[in-house]
Amino acid sequence: MGFLHEFLQQMVNGLSLGSIYALLALGYTMVYGIVKLINFAHGDILMLGAFGGFFVLAAYGVTPLTFVLALLVGMIVCAVVGIVIEKTCYKPLRNAPRINALITAIGVSIFIENGARVVKVIGPNPKEFPTFKTVNFPIGDVNISQIQIIVFVVSIALMFLLTYIVNHTKLGKAMRAVSFDRPAAYLMGINVDWIISFTFALGSALAAAAGILFASAYPQVEPYMGIIPGLKAFVAAVLGGIGSIPGAMLGGFIMGIAETLTKGFISSQLADAIAFGILILILVVKPSGILGKNVSEKV
Amino acid sequence: MKKNIANGLTLAAIAVVFTGILAALVYIGVIDEYTAQILTLAGINIIVALSLNLISGFTGQLALGHAGFMAVGAYTTAVCIMKFNFPMLLAILTSGLVTAVFGLIIGFPTLRLRGDYLAIVTLGFGEIIRVIMINLEQITGGAAGLKGIPSFTEDILLAPALSMLWVFSVMIITIILMSNLIKSSYGRAVLSVREDEIAANSMGINVFYYKMYAFTISAFIAGVGGGLYAPFFGYLNPTMFNFLKSVDFLVIVVLGGMGSITGTVIAGFVLTYLQEFLRFLRDYRLVIYPLLLIFIMLFRPSGLMGNREISILALWQRLFKSDRTQSKVDKAGERQ
């Protein structure tokens with residue numbers, strides 16, 4: 001009984017954490033699918049989003065309405081930041097060797113982290129994130145907190161929204177076209193620059209939402225909070241098959257559950273190492289990921 | 001062939017004399033202890049940055065975990081000396097070998113693939129190795145760190161000069177080995193992998209093998225650099241080897257020019273000194289390095305030197321040889 005109870009409890013925790021990873025992984029996978037770049041700064045966008053939410057909630061108190069406001073503010077701010085980063089740092093390097101863009105991404109990532117640390121309003125010390133009082137709903141022996149429910153519902157809603165945008169709108173069609181074949185999309189009259197910017201904005205907005213949800217579940221914000229979730233979300237994206245949107249969602253949930261199960265049954269210190277282990281394993285066994293397609297290199 | 005050996009020996013002799021003079025100056029006190037310490041630290045930074053340049057600059061595979069390799073090397077040396085009473089040289093070589101094994105383990109699953117997996121896996125490795133160091137308390141002292149690592153010598157008066165002598169000797173050996181490696185057929189193969197993997201592959205070059213080769217050697221050198229760091233500092237702590245430390249080396253390589261040994265050496269000295277010099281800026285220093293990275297990549301991706309080298313030998317011949325050989329030498333100099 002004890003085992004089953006613990007297992008179910010960790011599954012619930014895992015689904016909630018996994019939905020955050022899935023949101024973040026979506027940004028990685030969309031950007032990678034469209035410009036073939038690992039956006040190292042993605043985890044730091046999560047941090048910026050969390051701080052955006054922090055300022056709103058700290059100013060107006062925590063009610064359902066301000067929470068929605070915080071989400072909106074965080075997402076809009078981060079979408080703008082995403083576009084600015086893309087336009088200033090990545091766009092000039094689109095035709096440069098890939099390693100250059102990668103190094104720039106590292107630079108942007110550290111610039112955001114250390115910049116946040118230096119700026120007075122954020123500062124190096126962790127701050128407590130204002131969040132709802134935890135209310136537990138016991139179902140059988142398993143406790144589900146209302147924060148976990150909020151995290152899960154908001155993430156799923158955003159994922160549905162994204163899937164709708166990508167699959168059923170003209171913009172989404174253009175995004176898919178650009179990621180499939182950029183020069184051909186350009187020749188068909190698609191504004192490639194604009195689509196790439198839009199992708200960054202979309203990914204960054206999702207990261208901001210992930211940041212606010214993450215900070216609600218683990219109520220603390222600090223400049224370096226985005227590194228580890230960012231790394232894990234990237235692993236999730238690779239696990240699901242980088243470039244694949246359903247893959248990122250699936251990978252996120254698997255990562256979240258794997259992490260909480262490790263915490264519950266093995267050791268909480270190993271929880272970070274497990275992500276790394278999964279990455280190595282997936283690279284050895286099936287580098288294209290669970291839902292990824294095997295693409296052979298053409299000259 | 002003979003000329004090559006003669007040239008190599010001349011260079012080695014120049015380097016030895018130069019290092020000897022420098023160490024002597026430190027011993028007499030012309031160069032004060034603080035400056036000596038910065039120079040020694042620069043030497044260690046250069047060793048690790050050179051190893052990073054080998055994999056990122058020459059082979060074209062971005063690695064972000066060289067601080068992790070350095071940590072492995074540093075802890076191995078410390079443990080070898082303190083627990084097993086290894087002599088210094090043996091301990092440092094052991095740390096290089098142990099780190100190379102880690103390099104093999106990490107490289108094997110990642111380097112088979114195209115793309116940027118090495119970057120993210122090495123980044124993960126750098127983070128994980130820190131967690132492991134913190135948890136292996138009996139061996140590494142955990143988060144509190146490892147204190148009382150014996151220095152290169154017990155004589156306090158001699159210590160700065162001797163540390164510098166050790167570090168600079170290893171640095172010079174690394175430079176010589178690396179420049180010879182790059183000029184060898186192995187080195188050419190490695191360069192061809194950077195230029196175009198598909199073309200290299202179709203010319204019969206085993207891309208995976210050469211990437212592994214470069215990465216393992218890179219890990220070995222980084223481990224040796226870490227091995228020198230332990231007795232130089234006398235104290236180790238897992239947070240010393242965080243991600244930002246790896247980025248420090250990346251900045252050195254990028255500023256110097258990816259694929260230039262001379263560039264790395266120059267940038268290593270400049271940036272290590274700059275780091276001390278900019279102390280008055282306090283936390284704002286933290287923003288300068290990433291900005292430097294971004295600006296170099298945007299406006300001068302080749303860094304200071306691109307993939308050119310300054311050759312002392314060519315300079316020497318230009319100054320002292322007759323006019324008849326001049327044009328030949330010039331061409332040789334340019335190619336280098």
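Me: How many residues of chain A are in contact with chain B, and with how many residues of chain B?

Reply: This is a predicted model. In general, the size of an interface is often given as the accessible area lost when the parts come together. Here the description is by residue contacts. On chain A, 33 residues are in contact with 32 residues of chain B.

Me: Which helices of chain A each supply at least two residues of that side?

Reply: They are α4 (98–118), α9 (227–240) and α11 (271–285) of chain A. The largest share comes from α4(A), with 15 residues. By class, the side of chain A that touches chain B has 23 nonpolar, six polar and four charged residues.

Me: Is α4(A) mostly covered or mostly uncovered?

Reply: Count C-beta neighbours; 20 or more within 10 Å make a residue buried. In α4(A), 16 of the 21 residues are buried, and the helix is mostly covered.

Me: How far apart are the end C-alpha atoms of helix α8 of chain A?

Reply: The end C-alpha atoms of α8(A), residues 192–217, are 37 Å apart. Its 26 residues should span 38 Å at 1.5 Å a residue, which agrees. In α8(A), 21 of the 26 residues are buried, so the helix is largely enclosed by the rest of the structure.

Me: Now helix packing. At what angle do the axes of α1(A) and α9(A) cross?

Reply: Two packed helices are described by the angle between their axes and the distance between the axes. The axes of α1(A), residues 2–35, and α9(A) cross at roughly 70 degrees and come within 8 Å. That makes α1(A) roughly perpendicular to α9(A).

Me: Which residues in α1(A) meet α9(A)?

Reply: A:Y21, A:A22, A:L24, A:A25, A:Y28 and A:T29 do. An α-helix has 3.6 residues a turn, so residues three or four places apart point the same way. On the α9(A) side, the partners include A:P229, A:A233, A:F234 and A:A237. By class, this contact has ten nonpolar, three polar and one charged residues.

Me: At what angle do the axes of α8(B) and α10(B) cross?

Reply: The axes of α8(B), residues 185–195, and α10(B), residues 207–233, cross at roughly 110 degrees. They come within 9 Å. That makes α8(B) roughly perpendicular to α10(B). B:Y186, B:A189, B:V190 and B:V193 in α8(B) meet B:V207, B:Y210, B:K211, B:Y213 and B:A214 in α10(B). The contact divides into eight nonpolar, no polar and one charged.

Me: Which way do strands β2 and β3 of chain A pair, parallel or antiparallel?

Reply: In a regular strand the side chains alternate between the two faces of the sheet. β2(A), residues 136–139, and β3(A), residues 142–145, pair in the antiparallel sense over four bridges. A:F137 stands opposite A:I144 in β3(A). The hairpin has two residues between the strands, and A:G140 takes a positive phi near 65 degrees there.

Me: What phi does A:K36 have?

Reply: Most residues other than glycine have a negative phi, and most peptide bonds are trans. A:K36 has a positive phi of about 55 degrees although it is not a glycine. A:K36 is found in the loop between α1 and α2 (42–60) of chain A. With 16 other C-beta atoms within 10 Å, A:K36 is partly exposed.

Me: And in chain B, where does B:N85 lie?

Reply: B:N85 lies in the loop between α3 and α4 (88–111) of chain B. B:N85 has a positive phi of about 55 degrees and is not a glycine. B:N85 is exposed, with 9 other C-beta atoms within 10 Å.

Me: Is B:L62 buried or exposed?

Reply: B:L62 has 24 C-beta neighbours inside 10 Å, so B:L62 counts as buried. B:L62 is found in the loop between α2 (33–58) and α3 (66–84) of chain B. Leaving out residues up to four places away in sequence, B:L62 touches A:I99, A:L102 and A:I103 in chain A, and residues of chain B including B:S56 and B:D116.

Key:
Residues are numbered from 1 along each chain as its sequence is written. Chains are lettered from A and ligands numbered from 1 in the order in which they are written. This is a predicted model: local features need pLDDT of at least 70, side-chain atom pairs count only at pLDDT 80 or more; totals for chains, interfaces and linings use all residues. The expected span of a helix is 1.5 Å times one less than its number of residues. A residue is buried if 20 or more other C-beta atoms lie within 10 Å of its own, exposed if 12 or fewer, and partly exposed in between; C-beta atoms are placed from the backbone. Two residues are in contact if their C-beta atoms, placed from the backbone, lie within 7 Å. Ala, Val, Leu, Ile, Met, Phe, Trp, Tyr, Cys and Pro count as nonpolar, Asp, Glu, Lys and Arg as charged, and the others, Gly among them, as polar. Two strands pair if DSSP finds at least two bridges between them. Axes are lines fitted to C-alpha atoms, for helices over the stretch in contact, and angles run from 0 to 180 degrees between N-to-C directions. Angles under 35 degrees count as roughly parallel, over 145 as roughly antiparallel, 65 to 115 as roughly perpendicular and the rest as oblique.
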